[in-house]
Amino acid sequence: MNKVKQFFITLFPRLKEYFKKYFKSLNYVTWIIAILVAVGLFLSDYFTKIAAFHYLTNGDPDHLALDLSKQGTPIIPGILDMTFTQNLGAAWGSFSGQMWLLTIISSIASVMLTINLLFRFNRYNKIMMTGVVLMAPGAIGNLVDRIGCLAKAGIYKGGVIDFLHFTFWPSFPICNLADYYLSIGIVFLIIGFVIEFKKEYKALKAEEEAEKLALEQGKDVTGESQEDLLKKLQEKEKENKEEVDSENKEESGEEKQE
């Protein structure tokens with residue numbers, strides 16, 4: 001209990017110190033561009049869903065006026081078309097019917113990714129940064145959709161709107177931009193993590209090799225020879241022995257006085 005109390009007492013000073021160092025070390029140009037790109041991606045996802053809904057259903061809020069003649073409208077001929085469908089699950093149609101659970105997951109993901117984008121951005125390499133910039137608007141876009149579905153509001157009455165369909169791959173799930181932002185962002189994040197792991201592994205191996213080479217040359221990592229270290233150890237033992245002898249003499253003198 002005391003540890004928990006101590007944690008919350010020291011939380012604000014630690015956060016204050018962290019933010020002070022973070023904003024001092026931040027590359028503001030890159031950071032602001034990343035935030036603007038993330039906002040732009042979120043807006044592109046939101047407004048393309050609205051545009052697809054109004055185009056393919058003629059704006060009918062009950063989704064009863066789906067214009068079948070517009071289904072399959074080419075976006076990129078032979079590659080991508082616009083096919084209206086609604087999804088009550090996650091990306092690729094998974095977790096269908098579990099909207100409350102998906103909303104909670106989307107909320108946690110949105111908060112964590114936004115925190116990383118705003119307050120931990122300079123801790124990542126460029127590839128991981130790209131992953132975070134893609135994933136944050138994807139997670140927030142899905143969160144907006146799921147809140148809309150739970151509220152049965154506007155264009156979300158029947159579920160999350162999916163409309164992007166690969167013409168050359170008919171069986172591939174129909175999705176929206178937020179799904180692709182998340183999927184591509186995860187790939188970037190994994191690649192960046194692997195690169196970072198390899199860098200740390202190489203640095204560790206180089207440190208081990210340096211220590212091994214130093215020992216082979218009769219020196220430790222501080223550059224001191226083994227003879228010097230042995231001499232220092234002997235001097236330290238001698239000092240400790242003198243201190244113990246001195247304490248014993250003092251105790252003997254006190255006993256004699258008694």
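Guide: Helices (H or I, at least four residues) and strands (E, at least two) are DSSP runs, numbered from the N terminus. This is a predicted model, in which local features need pLDDT of at least 70, side-chain atom pairs count only at pLDDT 80 or more, and totals for chains, interfaces and linings use all residues. Residues are numbered from 1 along each chain as its sequence is written, and side-chain values use heavy atoms, with hydrogens and water left out.

Visitor: How many helices and strands does the chain have?

Guide: There are six helices and three strands. Along the sequence they follow the pattern α-α-β-β-α-α-β-α-α.

Visitor: What makes Lys49 and Asp45 a salt bridge?

Guide: A salt bridge requires a side-chain nitrogen of Lys or Arg within 4 Å of a carboxyl oxygen of Asp or Glu. The closest N and O atoms of Lys49 and Asp45 are 2.9 Å apart, so the pair meets that definition. Both residues lie in helix H2, four residues apart, about one turn of the helix.

Visitor: Why is Lys49 called buried?

Guide: Buried means under 20% relative accessible area, exposed means over 50%, and partly exposed lies in between (1.4 Å probe, protein chains only). Lys49 has 0% relative accessibility and therefore counts as buried. Asp45 counts as buried because its relative accessibility is 2%.

Visitor: Which other salt bridge does Lys49 form?

Guide: The side chain of Lys49 also meets that of Asp145 in a salt bridge, at 2.2 Å from N to O. This pair links distant parts of the chain, with Lys49 in helix H2 and Asp145 in helix H4 (residues 126-151), 96 residues apart. Asp145 is buried, as is Lys49. Asp45, Lys49 and Asp145 are thus linked in a network of salt bridges, and the structure holds two salt bridges.

Visitor: Why does Tyr55 count as partly exposed?

Guide: Tyr55, found in helix H2 (residues 28-57), has 34% relative accessibility, which lies between the two limits, and so counts as partly exposed.

Visitor: How do you know that Thr83 is buried?

Guide: Thr83 belongs to strand S2 (residues 80-87). Its relative accessibility is 15%, which is under 20%, and therefore Thr83 counts as buried.
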